[in-house]
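Please keep the sequence and the 3D view at hand while reading.

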Amino acid sequence: MPGIGVINNPRSKQNRKHPERISKIGYMLGYEGKSESTWTFEALDDVLMEFKREDIDILAINGGDGSNHVTLTHMLQIWGDHPLPKISLLRGGTLNTISEACKIKGSTTWLLYNLAEKYGAGEPFETIHRDLLRINDHYGFLFGNGIIANFMDTYYESGTPSPSHGAAVLLRGVGSAITGGALAKKWTRKINARVVIDGEEISETSFTAIMAATIHEIGIGFTPWYRCEDEPGTFHVLLLTGSAMDVATQVPYIYFGRALHPKLGWDIVAKDVLIESEEPFGFTIDGDMHWSEDGRIHLGVGPRVEIIRK
C-alpha cells in the first residue's frame, strides 16, 4: 500500500508549463507512493477517499497556494475524525506563499525526491506544526479582505504573477498613497462591517482591511502576523482603520513584524472572529480570491497539521 499520496493540479501555471513533470512523479515515487492528477472537485474527492482507504502517511500537494487550501479543505471533509496524514507542499504553483512562510525550499522535483528517499529509508523528516484557519467552510492559513484583496486584484490583473512583480505592485501602491493617487484610493476603499472577536464587539465599524492568519508571512518578506503562535489554538488578527497614507507609514512595521500604532487599528490574538457587512466583499484565502455574497465571514481555528519542511 502506498505511504505517500500525491495530488497534482494540472491547471497550476508551473504544471502547465512543465507537463512532463507530472508524468515523472509516479516514477520517482516508485513503490512508496501513488500520484494522481485531478481536474475537477469530484475527481479530487475520489482520489482523497482512495488515499484515506489506503491510510496514507503523507499527503503531498503539487500546486500553488490555491491548490493547497482547496485540497486541505476537501481532505478535512473526507478524513473527518480520522488521524490526518503529514502534509507536504511541493511548491508547484506560481505563488508559493504558504510554503515560503513555512520555510520550505527547493524545486518540486527536489522536494519529491527528498520525500520518497527519506520515506523509503525510514529517515525522520524535519517538520513544523501549524493550526489551520477556518474561513466559513474553507480551510487555509491566511485570510484578508479590503486592502489585501484589492492588492491581489491588481497583482493578478497587471502582469505575470511572481515575487518580483508583487514587490513592484506594492511599490506602486505606496507611491500612489504618498501622492494621493487613484490606485491607493482603490486599495484602501473602506469595508463597513460589524466585527465580533471572541464574543466582544469592536467599537469601530469602518475598516481598511481585516486580516487573520496562523502563519507569520504574507509574501515578499512581510511578516504582519508575528503573534500567530502566541497561544495554541489561536490566530493573529489585524484590523486596519487608517487612510492610504496611514497604511503606507505602517509598511515598515508590517514588514518587520512590529505592532501597529494603536490609532491605526487593532492587533489581537483570537480564537473566533465574526464579520458581518451589509454589502458583499472580496477576500483572499492563501492568495486565492473568493467572494462573500452575503457579507458574512466566520473565522475560527481548524485542526493542527504537521507540515514537512525537508
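## Basis of the report

The model is predicted, so local features need pLDDT of at least 70 and side-chain atom pairs count only at pLDDT 80 or more, while totals for chains, interfaces and linings use all residues. Residues are numbered from 1 along each chain as its sequence is written, and side-chain values use heavy atoms, with hydrogens and water left out.

Helices (H or I, at least four residues) and strands (E, at least two) are DSSP runs, numbered from the N terminus. A residue is called buried under 20% relative accessible area, exposed over 50%, and partly exposed in between, with a 1.4 Å probe and protein chains only.

## The six-stranded sheet

Six strands form an open sheet in the order β14-β13-β12-β7-β16-β17, and their pairing is antiparallel. Two strands are taken to pair if DSSP finds at least two bridges between them. The edges are held by β14 (265-270) and β17 (288-292); each has a single partner strand, so one side of each is left without a neighbour in the sheet. From one strand to the next, the twist averages 15 degrees, an angle between N-to-C directions that runs from 0 to 180 degrees, with axes fitted as lines to C-alpha atoms.

Within this sheet, β7 (residues 142-145) and β12 (residues 209-213) pair in the antiparallel sense over three bridges. Phe 143 has Ala 212 in β12 as its bridge partner. In general, strands of a sheet pair through backbone hydrogen bonds, either parallel or antiparallel.

Helix α2 (residues 20-29) has the buried residues Arg 21, Ile 22, Ile 25 and Leu 29. They cover an arc of only 100 degrees around the axis, which puts them on the same side of α2; the arc is that of the directions from the helix axis to the C-beta atoms. On the face turned away from this buried side, α2 carries the exposed residues Ser 23, Lys 24 and Tyr 27. Gly 30 follows α2 and has a positive phi, near 60 degrees.

Helix α3 (residues 41-53) has 13 residues that should span 18 Å at 1.5 Å a residue, and its end C-alpha atoms are 18 Å apart, which agrees. The expected span is 1.5 Å times one less than the number of residues. In α3, Leu 44, Val 47, Leu 48 and Phe 51 are the buried residues. These too cover an arc of only 100 degrees, which places them on the same side of α3. They pack against β1 (4-8), β2 (33-37), β3 and α4, whereas the face turned away carries the exposed residues Glu 42 and Arg 53. Just after α3, Asp 55 takes a positive phi of about 55 degrees.

Gly 64 lies in the loop between β3 (58-62) and α4 (65-79) and counts as buried at 8% relative accessibility. Leaving aside neighbours within four places in sequence, Gly 64 is in contact (heavy atoms within 4.5 Å) with Gly 92, Gly 93, Leu 95 and Asn 96. Gly 64 and Asn 96 are 32 residues apart in sequence, and their C-alpha atoms are 5.4 Å apart.

Ser 67 belongs to helix α4 and is buried at 11% relative accessibility. Not counting residues up to four places away in sequence, Ser 67 touches Asn 9 and Ile 61.

## The cysteines

How many disulfides does a search of the whole structure find? The search finds zero, a disulfide being a pair of cysteine sulfur atoms within 2.5 Å. For Cys 102, the nearest cysteine sulfur is that of Cys 228, 9.6 Å away, too far for a bond. Cys 102 is buried at 1% relative accessibility, and Cys 228 is buried with a relative accessible area of 4%.
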